[in-house]
Every structure is written in C-alpha cells, then in structure tokens.
Amino acid sequence: MAKTTKTATSEKTIDSKSVKNTPLKITKQHKILLGSLLVLFSVALLLAFISFYIYGQVDQSAVNHLTDRTEVVQNWLGKFGAYLADLIVYQGFGIASFLFVRLFFLTGIFMILDLPLRKLKGIWFWDLFVLVILSVLFGFFATSLPELGGTIGYELNLFLQDFIGKTGTLLVLAFGLIIYLIFKIKVSPEKIKSFFERTKKEIKSDLSSATRTAGNAYNLEEYAVIDEEDVTEEIHLKTNGSQFELNKEALKPTISNPSEIALKTEPIAVTPTPPPFHLPEIIQTNDEHFVIEKAPEEDIIEENLASKLVADFGLFDPTLDLSNYKYPTIDLLKEYSTGGITINQEELEENKNRIVETLRNYKIEIAQIKATVGPSVTLYEIVPEAGIRISKIKSLEDDIALSLSALGIRIIAPIPGKGTIGIEVPNKNPTMVSMKSVIGSAKFQEAEMELPIAFGKTISNETFVVDLAKMPHLLMAGATGQGKSVGLNAVITSLLYKKHPAEIKFVMVDPKKVELTLFNKIERHYLAKLPDTDDAIITDNAKVVNTLNSLCVEMDNRYSLLKDAMVRNIKEYNEKFKSRKLNPENGHRFLPYIILVVDEFADLIMTAGKEVEMPIARLAQLARAIGIHLIIATQRPSVNVITGLIKANFPARIAFRVSSKIDSRTILDGGGADQLIGRGDMLYHNGNDVVRVQCAFVDTPEVEKIVDYIGSQKAYATAYLLPEFIGEESGINLDMDISERDTLFREAAEVIVMAQQGSASLLQRKLKLGYNRAGRLIDQLEAAGIVGPFEGSKARSVNILDMNSLDQFFNNEQN
C-alpha cells in the first residue's frame, strides 16, 4: 500500500514538473494583440508627456487627489495621463523620458510585423543608456527647471557632485557621450576627416561652377539661336587628302553608358573632377568622329553586407550552431594604389590612326570608331562603310596586330547585340584589378544570388559577378602561370565573403600539394572530407577516387530526401526544412551546398583515368539540383583530358591564355584564348556569350589573413563528413586458408618479388595463365600480405623487397 502511494505521488510530481517545463507558446494573434497594445500605449505616453509640459503646473496639485472625481485636470489623457507624466517625467527622467515613447512604439511594431526581437536588445540598451546620460546632463545644467532633468537626474547629479565635484561630473557625462558616439553612431577620426574634406571639395566645386556660369552667361542667347542641324551639315572629315561628308547620326557620340568621353575639334581641355552621379567626363581632340568610353570607378562598400543578414524569426536557422560567426571584413584585403584607369590620349589616338590606316590600305573605309578603355584592354568599335564584307576585316587580324605592334589582338565580328565590329587591343600600361575593389563593389555586395562569384572587371570597368548555382559547373583552363590558381582563390574568396559555414562546404583536391593547403585552417568551418581521414584537402590521387564516389553516394542520398520531401531542387528543400515542414526524425536535415574544387585535373586523368572521369561525369550530369557544384582547373586542355562527356556537362568555361588555337577551340569551341595577354586576362564563356574579364588579383598573404580570421573563431567539432564509400575491391574475403592456395602460389610470389610489380597481367605473361586464375593469385598474395591493396590503374605495391625475405616469410608460415 505504501509503495502504491509512493508511486502515485512520484507520478504526480513528474506530471507537475512536465507542466512547469512546458514552454509558453505565443501565437501570431497574441503577438499582434500585444504589439497593438504597446503601439497605442506609446501614443498615450506621447500625449501625456506633451500635455504635461503645457499644463504640468496646473495639474501638479491634482496628482495627489486622483481618487477625487470632482478634481479637474488639464492633461489630454485625464488623471491617468497626469499620473503617468508625473511619475515618469517629473519624478523620473525629465524630457529624456520621450525615449520611452520610441521604445514602446518600436517594440510594438516588431511584434506586429513578426520581426526578430533580438534586434531590439541593442536598441533598448543604447536608448536607456542615453536616457540616463541626458537626464543627468539636464539635471546638471538646468537645476532651476526640474521638469527637464527629472527627480532621478537631479538626484544622480547631486550624488556625483558630492563625490567627484562638478568638474568630475561633467567629465563623466562627456565620457558617456563619447561611448555612445563611438559604439552606437560609430564616429571615428577617419570619418570626421573625410567629412570635412568632402565638404571642402563641394564648396570648391560650387564656387567653380558659379564662376563658369557667370563667365558664360552672355553666350546663352548665341547658343540658343544656333540650330544643331545647321552645324552638323557643315562638318566635313578630311583624311589623307580625301574628303567625305559624315551624316548626322555618325557624328553624334554613341554613348552606351554614362561613362563616355566625346572627342571634339577644339583644343585639348580636360574638365575638372566629375560631379556626383558619375556625369560624363569630356576630353576634346582634333577628330570629330572618334569617341572614347571610360566607365567611372565603382564605389567601394567598406562593410561586408553579408554580416547584416538575419534569419527570419520563427523559421529554423541553420546558422545557430555558429550564431556568433563573423564574416571576413573587407579591410583584410589589400588595396593596391593604382589610382584607377588612366587614359593615355596619345596612345589611343595613335592606335586609332594605325587601325584606320591599315584598313584603308585594303580599301576598307571606316564611318565611325569608338574606344572603350578597360583595365588591361581597350576595345575599338568600328562601323564600316556600307558594302564592306565583315569576313574581309576578320581576316586582317594579323595585319592589324603587326601595325599596332601589339602582344595579340582579338577581333569580334560582329559584336553580339551591336551593329559594330570590335578590335581588342592590349594597353601598354595595364591596371591591376584588386580583389578588394571587386568584393567591395555594390554589384557584388548587393547581389541576390545563391552562390555569387566576383571574377574581376570587364572592358567597361564593371565588376563581373556570376552565380555558380546557375552555371552550374565551371571548367577553367590555361597555360602555366597565366592566373588559374589566382582565379581559383578569387572564386573561393568570393564564396567565403558571402556564405555562412552552415550554408556551404568545399571538397578540395590539390595534386600540387601547395596551392590549396592555405585553407587547412578553416577545415572545421568550411571543408568536407571522408570519415577516418586526417587531412580535408586531398593531395594523394589514390584517395580522389573514393572521394568522388563518396560524393556520388551523397548525391543519391540527397535525391532520396528530395523525393520524400516532394521538391525539385535544394533551394525548395531547404526552404521547406526552414519552415519546419520536414521532420528530422525521418532523416531530413539542412543541406549545405558542396563545391568540389580540383586544381589540376590533367594529373588525375593521367593517374586514375576512367575511375575519375566516370564519377566526375555523373556528378556533372545529375548533381546540379541537389547543390553539388564542380570547379575543375587544368593547364592542359587537350581532348584526352577534357573529353566530350565532360565538355557537354560544363557549359560555363573560363579560358586563360593558352599556347595554341587548338587548345582555345578545345576549351571555348572557338578561337581567342591564344590571343590573350596573360596575367589574369581571361575569357568567360557560358552558352553563346563570350566576355573578356581581367581577373581580380588576390595574393597569398591576403588569403592567409582571411583564413586566419575565420580559423580563429569558434568552429564545428569536425569537418563536414561525407558518406563512407565501400569500393568493389574491399568486398574480397582476405582471410583465406593456406590449404586453399593455388599450386602456383609460391611461383607467383617469386615472380612478383623479383619484378617488384604486383599486377595480374605480369602473372599472365610469366606463368602463362588466364586472367581469372591470375586475378585469384593476386587476391591470395594480398591476403598473405605480399602485395598491397588495389590502387586504381596503378600496379599494386610489393611489401617484400628480395628473395631472402620471401624465403624467410614462407619458413615462418611453415613453423
């Protein structure tokens, strides 16, 4: 009986504990209701506080007689408003109490809109901090007006003065304001200096514009009377004694973007620094139909906007395990002081004249020519006269290169989407494109892409950003020393700046052993590896096959999850998982993107052959939808390395400079890569469009700073573990009985030890055996420990070095 009572009592205790531990769930309706109440309360406080400062002295006597219904108050919120105002303003913090209105209003809005409430912590902390500082400040200066500082401010002020005096109190208040300016408003000496410098420049530009306006005022009527059509019809172009008229459209500068610079017939004069909004800068020369384009420098965003992203309240947040993770800051990258793109007017004029003269020698007349200046290449767009065959211009590529003494030119005939022919000529003094200018650009920071990659800048000096998720795989090729490794670092750096460790994982294969080893420090943040492996970055080609097959297993597992979730791709799956519509108990989990990076693919093909090509082709065909993307680089883009099966599944390709037109056709299905100038100059091909880009330069010390910054933060317990792959060879039963050995076992062992090469084909030739019997002998030799395990297309290693050791081995077995 006692036991039964005790059991019942314990059950009641457990039930009461479970009830107490049940979390209180707040529905969306409750949040809207509570938020509306807080907003209305903030409005009531505002009315009570304002009317207090109007009728406060009149209502002062009525505050102590609130229960008396005959007492009349002037406060707009009645006796309750008079009481609140007296309690919070007069007996509280004075005029600084208006901050309570802001706090309650914002809290209510956050609850109504279902915004993350954790963002309010900082707002409440700093507003209450300023509330106290302002209250004491008004209590210090306005002792005769207690309504300004309130009772709390006045008493705190007296308390401080009793211990540290008036001067000490003033210094404490000043220090409090400095804390607020530095940590909340983030005022720094650099910002103050830049503000005054910018103000000084604006004043100077306003004065100079006012002076120019005053000086040219008397010419306004003259410019208004002249008809544009009359002027256009009178202009003629003279070239080497021949004269021909240009039509009205040809003479107008064909400005395709706001960075164009028209060249006119007046003496050379360069306008001052362009005003805001990137208005066109005008350079005047002696040729009327030559137009130069130079895109303005893009503004650099000093702060990495990825750190501003906050997960939606109520949804599953995959970043919670590393909720305090901080994205790399932009100041980790080096800023090269190149000063932006500079226009060498003499070089442009000289190149233009040589192009026109060379074409005229072959009786090709030019109606108009336009130059677009880029970081390393200038694009000359020409409009030929009517009746000129495009193929005729295209065949003169070598002649134009000879006349320009250029390293290599590239002719685009015609330019897609334009009615012009493009001639790309390398600049004599190319400009370096820094990774900082590319990462800090608004185009990259504000890119709404799944996997944004910033490669560099185009000929028009625009940051070139693409989405790896839409490529979906990338093939990079180029000769040694032309920028492939820097391009790979640029790709990885871009993703590190935009994606959280929970959202993306890298599988890195580095046969060179030195290119990608820098990223070892972020193994537990961003890298993925096989179980029971020491290094996440694979440098041994023998382990690559298992890793690729493991990715295929991961791919199949993910497709099973997508099938169960009834979605078509990883984006829909993760959104469904974040919305808590998938049960983790059924095997569902958040799926990060997996990026396979291979630095030298040709070496893998040479050592492993089909064993590497087949899983690569399978991943390229199927892995797009489940978030596995491939980036493969090679310095030998020959057809036996980049096979048709691989090319068909890699529509996005990047070609750095190659040595021959054949290599260019292999990687791009066309020419052009053999005419690049090297040092990061590359062609990006995706489908039918080919874009020339100057790849951003990221140096090894910059990468080290980034990985050190990430590696010093809290990480996961281990790297992301891929599923274990069990190969076909591992299914062999190696525990063979000695009595079941082949009669030729000893002869086979002697052949293998003497040749120091463990292969079935050797036994076939030496012992005149069939393939099946030779294969069984190899398995028996592996079980005995004479030869090593299967290593792909390589011969097996031999563990016994000479015949004496082999005799000793057999003697030990007999004993």
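Contact here means heavy atoms within 4.5 Å. This is a predicted model, in which local features need pLDDT of at least 70, side-chain atom pairs count only at pLDDT 80 or more, and totals for chains, interfaces and linings use all residues. Residues are numbered from 1 along each chain as its sequence is written, and side-chain values use heavy atoms, with hydrogens and water left out.

**Cores.** A nonpolar core is a set of buried Ala, Val, Leu, Ile, Met, Phe, Trp, Tyr and Cys residues joined through side-chain atoms within 4.5 Å. Buried means under 20% relative accessible area (1.4 Å probe, protein chains only). Two cores are listed below.

| Core | Size | Members include |
|---|---|---|
| Largest | 117 residues | Phe455, Phe506, Phe519, Phe601 |
| Second, separate | 24 residues | Leu359, Ile393, Leu404, Ile411 |

The four Phe residues named for the largest core have the most contacts inside it. Helix H18 (residues 541-565) gives the most to this core, with 9 residues. Phe506 touches Ile492, Leu495, Leu496, Tyr526, Leu527, Ala528, Ile595 and Val597, leaving aside residues up to four places away in sequence.

**A buried Thr.** Thr169 sits in helix H6 (residues 146-183). Its relative accessible area is 0%, so Thr169 is buried. Its contacts, with residues up to four places away in sequence not counted, are Phe140, Asn157, Leu160, Gln161 and Ile164.

**Whole chain.** The chain has 28 helices and 19 strands. Helices (H or I, at least four residues) and strands (E, at least two) are DSSP runs, numbered from the N terminus. Of its 815 residues, 45% count as buried. Among contacts between residues at least 6 apart in sequence, 67% join residues at least 24 apart.

Methods
Buried means under 20% relative accessible area, exposed over 50%, partly exposed in between (1.4 Å probe, protein chains only).
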